[in-house]
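Subject: Structure handover and what was found in it

Dear colleague,

Please find below the structure that I promised to pass on to you. My notes on it follow directly after, and I would be glad if you read them with the model open.

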Amino acid sequence: MSSDESQNAPAPSDRREAVREKALQVQAKQSRARVIRTTSIAVAVAAVVAVVAIVVTWTVGSAASKPLLDPANVTDDGIVVSSVSGATVDDQAGTLGSPGAGASTETAAPTETPTPSATPTRAAAVEIRVYVDYLSSGSRDFQLANAPQLSAWVSQGAATLTYYPVAMLTAKSNGTKYSLRAASAAACVATHAPDKFFAFTHALLEQQPAIDSDGFSDSALADIAIAKGAPAKIVRSCIEDEDFAAWAKSATDRALEGIPGTDGVSLTKAPMVLVNGTPYVGALDDPAEFSQFVLTLASDSYNKTASPTPTATPAG
């Protein structure tokens with residue numbers, strides 16, 4: 001090897017320095033890449049968090065800004081039946097003055113001539129209240145069995161009929177809250193088409209979905225209401241927006257705490273049926289038994305309020 005070649009060859013220290021410099025360059029490049037990746041991930045996460053925060057704020061703000069609405073045509077959470085038209089029920093039902101099956105219409109002949117007295121006025125209408133959960137099979141049984149005579153009594157003016165939509169089975173519909181939504185829909189019909197409320201209630205119970213099913217959608221509930229004659233646009237909007245869901249929940253809570261006009265009675269199940277403030281504990285699907293219960297309480301009420309005018313005893 002010539003002396004010139006020996007002079008041009010890099011010294012071992014120079015080679016080490018070159019390798020070290022190259023390693024530092026690679027390390028710096030890798031560090032920059034890590035910083036870029038970390039910064040990109042941080043920016044992406046921050047963007048996602050910001051979007052979530054905006055959505056949550058909008059949702060909460062929207063919920064908070066939506067007023068808690070109370071339905072119209074409701075008194076003490078009850079909806080008085082103003083019309084029974086539109087409900088498809090049998091017409092074979094007795095009257096309170098002439099009871100149906102299971103109640104005798106015979107009157108015993110008097111054993112002596114009655115003392116003349118003032119003609120009694122007609123007894124006040126019997127007050128019938130029904131706390132109804134539209135997913136309750138018992139509510140369905142009662143409605144289908146007693147709708148004919150309830151309709152007749154209301155038409156005759158012999159009874160007042162008030163329904164109280166409650167949501168006790170909200171958790172029994174696969175998370176769709178059907179019980180609550182149906183009660184809200186009933187309040188929509190009561191508000192915008194009170195004369196169609198009885199027909200709507202009857203249809204919901206007649207077509208009652210199975211428990212632990214999804215139940216009807218809000219759109220389907222609106223279809224049923226419209227089919228019964230409720231005004232389409234406003235009722236569909238009310239039902240699909242669930243305008244009275246908050247009211248239905250609050251009304252249920254109030255009934256669980258205590259029912260107005262009773263001696264400490266509170267809602268414990270659905271249906272709960274009260275006649276002149278007294279709970280009915282008979283068979284829900286036996287119209288004859290319910291009719292007899294109503295007749296008995298109507299008679300008791302009349303006997304308490306009727307006061308014949310006494311006649312003077314002629315001088316002997």
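The link between C188 and C238 is left-handed, with -80 degrees about the S-S bond, and the sulfur atoms of C188 and C238 lie 2.0 Å apart, where a disulfide is taken as a pair of cysteine sulfur atoms within 2.5 Å. This pair joins distant parts of the chain, since C188 sits in helix α4 (residues 178–192) and C238 in helix α7, 50 residues apart. The structure holds 1 disulfide. C188 counts as buried because its relative accessibility is 0%, and C238 is likewise buried, with a relative accessible area of 2%; buried means under 20% relative accessible area, exposed over 50%, and partly exposed in between, with a 1.4 Å probe and protein chains only.

Before going further, please note that this is a predicted model, in which local features need pLDDT of at least 70 and side-chain atom pairs count only at pLDDT 80 or more, whereas totals for chains, interfaces and linings use all residues. Residues are numbered from 1 along each chain as its sequence is written, and side-chain values use heavy atoms, with hydrogens and water left out.

Turning to charged pairs, the structure holds 8 salt bridges, each being a side-chain nitrogen of Lys or Arg within 4 Å of a carboxyl oxygen of Asp or Glu. R236 forms one of them with D223, the closest N and O atoms being 2.4 Å apart, and this pair again links distant parts of the chain, with R236 in helix α7 (residues 232–240) and D223 in helix α6 (residues 218–227), 13 residues apart. R236 also forms a salt bridge with E240, where the closest N and O atoms are 3.0 Å apart; R236 and E240 both lie in helix α7, 4 residues apart, about one turn of the helix. R236 counts as partly exposed because its relative accessibility is 25%, as does D223 at 40%, and E240 is partly exposed at 35%.

A further salt bridge joins the side chains of K249 and D253 (3.3 Å, N to O). K249 and D253 are separated by about one helical turn because they are 4 residues apart in helix α8 (residues 245–257), and D253 is partly exposed, with a relative accessible area of 33%.

Finally, there is an open sheet of 5 strands in the order β1-β3-β2-β4-β5, with mixed pairing; its edge strands, each pairing on one side only, are β1 (79–80) and β5 (278–279). Helices (H or I, at least four residues) and strands (E, at least two) are DSSP runs numbered from the N terminus, and two strands pair if DSSP finds at least two bridges between them. β1 and strand β3 (residues 159–165) pair in the antiparallel sense over 2 bridges, and the bridge partner of V80 in β3 is T162. Helix α3 (residues 137–156) packs on this sheet, touching β2 (126–132), β3 and β4 (272–275), where contact means heavy atoms within 4.5 Å. The direction of α3 makes about 150 degrees with that of β3, with axes fitted as lines to C-alpha atoms, for helices over the stretch in contact, and angles running from 0 to 180 degrees between N-to-C directions.
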